[in-house]
Amino acid sequence: MDETAVKRPSGRGRFISFEGGEGSGKSTQIKKLAERLAAARLRAIVTREPGGSPGAEIIRHLVLSGMGKLLGPDAETLLFAAARDDHVRSVIRPALNQGTWVLCDRFSDSTRVYQGKLGQVSPGILNAMQRVTIGDLKPDLTIVLDVPVEIGLTRAAARRGDAAPDRFEAEDLKFHQDLREAYRQIAAEDPRRCVLIDATADPDTVAAHVWTALRDHLFAMTSPTPSA
Ligand code: T5A
């Protein structure tokens, strides 16, 4: 695609979330996309959940250490919600309002999948927390990276080295298989927002698919369709 053909949309920035199981390559792809947007002279920030703001990073440390799990599923979900509230108010909304694109490593779909579909926190609680933390904010595009569980966990273990698996990496194989299915289901149910991408290929091939998703879902909305 000719990147000079990408016109900077006026007004609000675009919000892109990356979702998927452990080790699916979200951080790798976000970095590549940020570089490509910079080359196209689009202003973008990279952020993550849980975390992304000083307050939310403190909560990230708590939940990934497993301390939140000790409080039970509802309270652990409240911790994720508190982190999101701070992150959205102090980082995401201000950036979007200034016309900056936001690339976020995980967002509300992670709560729907990890705490909702797998953790069995009730839809009533999840909806109430969502109303408080994000209101009507939702990603313009969600990239769902899909890899077989064995590949994702092997990648995550290789990257981790000698460190212990975190709170969710330590769950059993069935948990991770259900996780993958739940993400595939979310992508199938919301095709206007979500693009499911096979992330088993090498990083550059996956990045090319991510770029195609942006072209089809975002650039087509904001500028004349760029050439392929
Ligand atoms: N969570 C989060 C909830 O339960 N509820 C919530 O609401 C939210 C927001 C966050 C955890 O919190 C949970 C979900 C998570 O379990 P985290 O540390 O941020 O934990 O971890 P993850 O988001 O799961 O991300 P990971 O760090 O495990 O993996 P990534 O970012 O998907 O993968 P990445 O890019 O770091 O790659 C992993 C390794 O694979 C290699 C990379 O070089 C790296 O070594 N790699 C590839 N190798 C071959 N081919 C490719 N295409 C590759 N892409 C990457």
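A polar contact is a pair of N or O atoms within 3.5 Å; within protein, one must be able to donate a hydrogen and the other to accept it. In this predicted model, the side chains of Glu 22 and Tyr 114 form such a contact, at 2.6 Å. Glu 22 sits in the loop between E1 and H1. Its relative accessibility is 12%, so Glu 22 counts as buried, the cut-off being under 20%. Beyond its neighbours within four places in sequence, Glu 22 is in contact with Arg 106, Tyr 114, Gly 152, Leu 153, Phe 168, Glu 169 and His 176.

Nonpolar side chains tend to be buried together in soluble globular proteins. The largest nonpolar core of the model holds 23 residues. Ile 16, Leu 33, Leu 37, Ile 143 and Leu 214 have the most contacts inside this core. Two or more core residues come from each of six elements: strand E1 (15-20), helix H1 (26-39), strand E3 (101-105), strand E4 (141-146), strand E5 (194-198) and helix H9 (203-222). Helix H9 gives the largest share, seven residues. Leu 214 touches Ile 16, Leu 33, Leu 37, Trp 101, Leu 141 and Phe 219, with neighbours within four places in sequence left aside. Another core, of 18 residues, lies apart from the largest one. Among its members are Ile 59, Val 113, Tyr 114 and Phe 168.

The ligand is surrounded by 27 residues. The closest are Lys 26, Ser 27, Thr 28, Thr 111 and Arg 159. A polar side-chain atom of Lys 26 lies 2.6 Å from an oxygen atom of the ligand. For Arg 84, an N or O atom of the side chain is 3.2 Å from a ligand oxygen atom. The side chain of Gln 115 has an N or O atom 2.8 Å from a nitrogen atom of the ligand. On its own, the ligand has 1000 Å² of accessible area, and the protein covers 85% of that area.

Helix H6 spans residues 123-133, and its buried residues include Leu 126, Met 129 and Thr 133. These three residues cover an arc of only 70 degrees around the axis, which puts them on the same side of H6. An α-helix has 3.6 residues a turn, so residues three or four places apart point the same way. The cover over the buried residues of H6 includes helix H4 (73-97) and helix H5 (108-118). The face turned away from the buried side carries the exposed residues Pro 123, Arg 131 and Val 132. After H6 comes Gly 135, with a positive phi near 55 degrees.

Ala 82 belongs to helix H4. Its relative accessible area is 36%, so Ala 82 is partly exposed. Ala 82 and Met 129 are 47 residues apart in sequence. Their C-alpha atoms are 9.0 Å apart in space.

Several features of the loops stand out in the backbone. Glu 49 and Pro 50 are joined by a cis peptide bond, with omega about -10 degrees. Pro 50 lies in the loop between strand E2 (44-48) and helix H2 (54-65). Arg 41 is a residue other than glycine with a positive phi, near 60 degrees. Arg 41 is placed in the loop between H1 and E2. With a relative accessible area of 68%, Arg 41 is exposed. Gln 120, also not a glycine, has a positive phi near 60 degrees. Gln 120 lies in the loop between H5 and H6. The relative accessible area of Gln 120 is 68%, so this residue is exposed.

Lys 138 is found in the loop between H6 and E4. At 52% relative accessibility, Lys 138 counts as exposed, the cut-off being over 50%. Not counting residues up to four places away in sequence, Lys 138 touches Arg 12, Phe 15 and Arg 193. Lys 138 and Leu 173 are 35 residues apart in sequence and 30 Å apart in space, C-alpha to C-alpha.

Methods. Residues numbered from 1 in each chain as written. Predicted model: local features only at pLDDT ≥ 70, side-chain atom pairs only at ≥ 80, totals over all residues. Heavy atoms only, no water. Core = buried A, V, L, I, M, F, W, Y, C linked by side-chain atoms within 4.5 Å. Buried < 20%, exposed > 50% of the residue type's maximum accessible area, 1.4 Å probe, protein only. Helix = DSSP H or I, 4+ residues; strand = E, 2+ residues; numbered from the N terminus. Contact = heavy atoms within 4.5 Å. Near = heavy atom within 4 Å. Areas by Shrake-Rupley, 256 points an atom, 1.4 Å probe, with all protein chains shown as cover. Arc of directions from axis to C-beta.
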